Amino acid sequence: MQGRQGPILAAQTALLLIAAVVAVSTSDAADWQPLELIGLLLVLAVGSEALTIEVRGVRMSGSFLALVLAMALLGPGPAAAIGVASVVFDAVATRRTPVQAIGNVAIYTAFPVVGGLMIDAFAGGEPNAL
C-alpha cells in the first residue's frame, strides 16, 4: 500500500467494525420480523444494485430507498445486513478488489446503523412504531 492508503484502509476497517458491533448490540429478535419484509427489501436493494446506471462517472442505484425503508420498518441491524448484502453484490458484479470494496462495505454498514438508531430514537425506541 502506498502513502495514505494504509491509514485510510485502517479507518474504513475501524468504521466497519464499530458499525457492526453497534448493529449487533442494538438488535433483537423482533427486529428480524417479518422475514417476508426482510426478503422483499433485500431483493429490492440487490436488484437496484443490478440496475445501476452511470452518469458522468458517478454510479447510481435505487438501493438507498430499500435501505431507508429497512431502517424505518426493521431497525439498524437488519438495515445494515441488507446494505452489506447489496454492496457485496455490487463489488462482485463490478469485480472490485477487496481494498476497493472495504470502503463501500463500511459505509453501507455505518449509515443504515446510524439512520436506524436515529429513527428508533424518534419513534421512542420501537423500530416498528412508525
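The model is predicted, with local features requiring pLDDT of at least 70 and side-chain atom pairs counted only at pLDDT 80 or more, whereas totals for chains, interfaces and linings use all residues. Residues are numbered from 1 along each chain as its sequence is written, and side-chain values use heavy atoms, with hydrogens and water left out.

D90 is placed in helix 4 (residues 76–93). Helices (H or I, at least four residues) and strands (E, at least two) are taken as DSSP runs and numbered from the N terminus. When neighbours within four places in sequence are set aside, D90 is in contact with E49, R59 and R96, contact meaning heavy atoms within 4.5 Å. The side chains of D90 and R59 are joined by a polar contact of 2.9 Å. A polar contact is a pair of N or O atoms within 3.5 Å; within protein, one atom must be able to donate a hydrogen and the other to accept it, and residues adjacent in sequence count only if both atoms are side-chain atoms.

Salt bridges were assigned where a side-chain nitrogen of Lys or Arg lies within 4 Å of a carboxyl oxygen of Asp or Glu. By this rule, two salt bridges are counted. One of them is formed by the side chains of D90 and R59, at 2.9 Å from N to O. This pair links distant parts of the chain, with D90 in helix 4 and R59 in strand 2, 31 residues apart. D90 also forms a salt bridge with R96, for which the closest N and O atoms are 3.8 Å apart. Through shared partners, the salt bridges join R59, D90 and R96 into one network.

The aromatic residues were examined next. A pair of aromatic rings is described by the distance of the centres and the angle of the planes. Rings of Phe, Tyr and Trp (its six-membered ring) pair if their centres lie within 6.5 Å; planes under 30 degrees apart count as stacked, over 60 as edge-to-face and the rest as tilted. Two aromatic pairs are counted by this rule. The ring centres of Y108 and F111 are 5.5 Å apart and the planes stand at 70°, so this pair is edge-to-face. Both Y108 and F111 belong to helix 5 (residues 98–122), where they are three residues apart, about one turn of the helix. One aromatic cluster is formed by F64, Y108 and F111. F111 counts as partly exposed, at 25% relative accessibility.

A nonpolar surface patch of about 340 Å² is made by I53, V55, V58 and M60. Patches consist of residues with over 30% relative accessible area and no salt bridge, like charges being joined within 9 Å and nonpolar side chains (Val, Leu, Ile, Met, Phe, Trp, Tyr) within 5 Å. Accessible areas come from the Shrake-Rupley method with a 1.4 Å probe, and for residues only the protein chains shown count as cover. Strand 1 (53–55) and strand 2 (58–60) each supply at least two residues of this nonpolar patch. M60, in strand 2, is partly exposed with a relative accessible area of 39%.

A66 is located in helix 3 (residues 63–73) and counts as buried at 3% relative accessibility. Residues up to four places away in sequence not being counted, A66 touches L41, L44 and A45. The C-alpha atoms of A66 and A85, which are 19 residues apart along the chain, are separated by 12 Å.

The peptide bond from Q33 to P34 is cis, with omega near -5°, and P34 is placed in the loop between helix 1 (5–26) and helix 2 (35–50). R56, although not a glycine, has a positive phi of about 50°. This residue, R56, lies in the loop between strand 1 and strand 2 and is exposed, with a relative accessible area of 84%. R95 is likewise not a glycine and has a positive phi of about 55°. R95 is placed in the loop between helix 4 and helix 5 and is exposed, with a relative accessible area of 76%.

How values were computed
Buried means under 20% relative accessible area, exposed over 50%, partly exposed in between (1.4 Å probe, protein chains only).
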